[in-house]
Amino acid sequence: MKIERITSFVLRVGLNDNTFYSSQCAFPQRNSLLVRVETDSGLVGWGEGGQYGPPEPVAAVVDSVLTPILLGRDPMHVGRLWEELYAATRDFGRAGAYIEAISAVDIACWDIRGQALGVPVHALLGGAFRDTVAAYATGCYYRESDMTDHKARLPALAEEAGKYMAQGFGILKMKVGLLPVAQDLERVAAVRSAIGDDTPLLVDCNHAYDCHTALRMGRGLEHYGALWMEEPVPPEDHAGYRRLRAALELAVTGGECEYTRYGFRDLIGTSCVDVAQPDICVAGGFSEWLKIQALASAFAVPTVPHVWGSGVALAAALHALAALPPLPHTAKPVPLQNEPIIEFDRNHNPLRDDLLEQTFTLEDGRVRVPQGAGLGITLDETVLEKFAVH
Ligand code: MG
């Protein structure tokens, strides 16, 4: 089998009046980059990368740098192809758009491999431990009005948190880091009272703090029973991560801005995080996910993949999570404690909800893993065309 054509699709859809904010930026639109890999056997694979920033640079890498290397090659040899793409871009790549582009074509090759063998990707990854994955809701972002009158926003924030509980979520992740610590802790208190004392609460800072401010925030979060503090400091501040981990009881987590086994070697091997969060569409695709996951497990660090982007990214994460062993093993694993969980972003996202013919919904707090060959997904090409930027 040979790769005959690779097409990149820059996707962009405005969110109209649904703009939301993290500590870093506004999200007035959703972006991503999809790649379609076509083979001479007629099999077609899909992959995704470039969902963090503008997808155009990632598309340029796919089109100008990776495609000339991949045309005529056998997608079944994806491990070798990954090494060749990495070696060809090492001198100027190793992170960012280059690795996102490699992630996208790698995922598409795994999709083709699964289809060629008639098995789902989770079977290729070693076999599924589960056919549904416990989900946590990612929500409670900022709105414009948080910045003008955060107190007036608290009832709506609490209502949003309560809605996720009513939908059946058993775990919630909220955002902090945009407002002063004291005001953000009022938001945390409002969410805590809406979800009750027993619901696990995770908090994501998106690297908003320096170390001593993160420490102050971390102590406040512990007061409200938060179980983890995600990206408390910038990804480069490994000393800050280590200091926080030593000082706080809650789990210090991170890794969505990290790339490849080499980035995770530096993050995990120097004791920066309690939980590693590689994004499969960013850190290097399924090929690299296996290496990162092996590395993390050797350090007894659980991996909870970061999930953003379209339905393709969500499907990829579900396959990876299906094949992830409980860490550590117990006879009856508990979600978050030793059973993997999937990040299920609840902000408005037509790329996640409309692009695939499948829809991923919550059933008893869990999301079903696709069972078809490869990624087990079908794209609606009419919707693809509607969201594609030409
Ligand atoms: Mg995050």
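**Close-up 1. In this predicted model, helices H7 and H8 cross in a right-handed way.** The contact is made on the H7 side by Cys211, Ala214, Leu215 and Arg219, and on the H8 side by Gly240, Arg243, Leu244 and Ala247. Sort those contact residues by class and you get five nonpolar, one polar and two charged.

**Close-up 2. Here are H7 and H8 again, this time with an eye on their axes.** Two packed helices are described by the angle between their axes and by how far apart the axes are. H7 covers residues 211-223 and H8 covers residues 238-247. They pack at an angle of about 30 degrees, and their axes sit 10 Å apart. Why do we call H7 and H8 roughly parallel? Angles under 35 degrees count as roughly parallel, so H7 and H8 get that label.

**Close-up 3. Now for the largest pocket, with a volume of about 470 Å³.** If you're wondering how anyone spots empty space, rolling a probe the size of a water molecule over the atoms shows where it is left. The largest pocket is lined by 29 residues, and the closest to its centre are Cys25, Phe27, Tyr52, Glu256 and Trp308.

**Close-up 4. What goes into the lining of the largest pocket?** By class, the lining residues split into 10 nonpolar, 12 polar and seven charged.

**Close-up 5. Zoom in on the cis peptide bond that runs from leucine 327 to proline 328.** Its omega is near -10 degrees. To find proline 328, look in the loop between helix H12 (311-322) and strand S12 (341-345).

**Close-up 6. Arginine 94 has a positive phi even though it isn't a glycine.** The value is about 75 degrees. Where does arginine 94 sit? You'll find arginine 94 in the loop between helix H2 (78-89) and helix H3 (96-117).

**Close-up 7. Glutamate 231 is a residue other than glycine with a positive phi.** For glutamate 231, phi is near 40 degrees. This glutamate belongs to the loop between strand S9 (228-230) and H8.

Technical notes. Residues numbered from 1 in each chain as written. Predicted model: local features only at pLDDT ≥ 70, side-chain atom pairs only at ≥ 80, totals over all residues. Heavy atoms only, no water. Axes fitted to C-alpha atoms, helices over the stretch in contact; angles between N-to-C directions. Helix = DSSP H or I, 4+ residues; strand = E, 2+ residues; numbered from the N terminus. Parallel < 35°, antiparallel > 145°, perpendicular 65-115°, else oblique. Left-handed = near helix turned anticlockwise from the far one by under 90°. Contact = heavy atoms within 4.5 Å. Nonpolar A, V, L, I, M, F, W, Y, C, P; charged D, E, K, R; others polar. 1 Å grid on protein atoms, 1.4 Å probe; cavity = no way out; pocket = protein on both sides within 12 Å on 5 of 7 lines; lining within 4 Å. Points joined across faces, edges and corners; volume = space filled by probe spheres on them.
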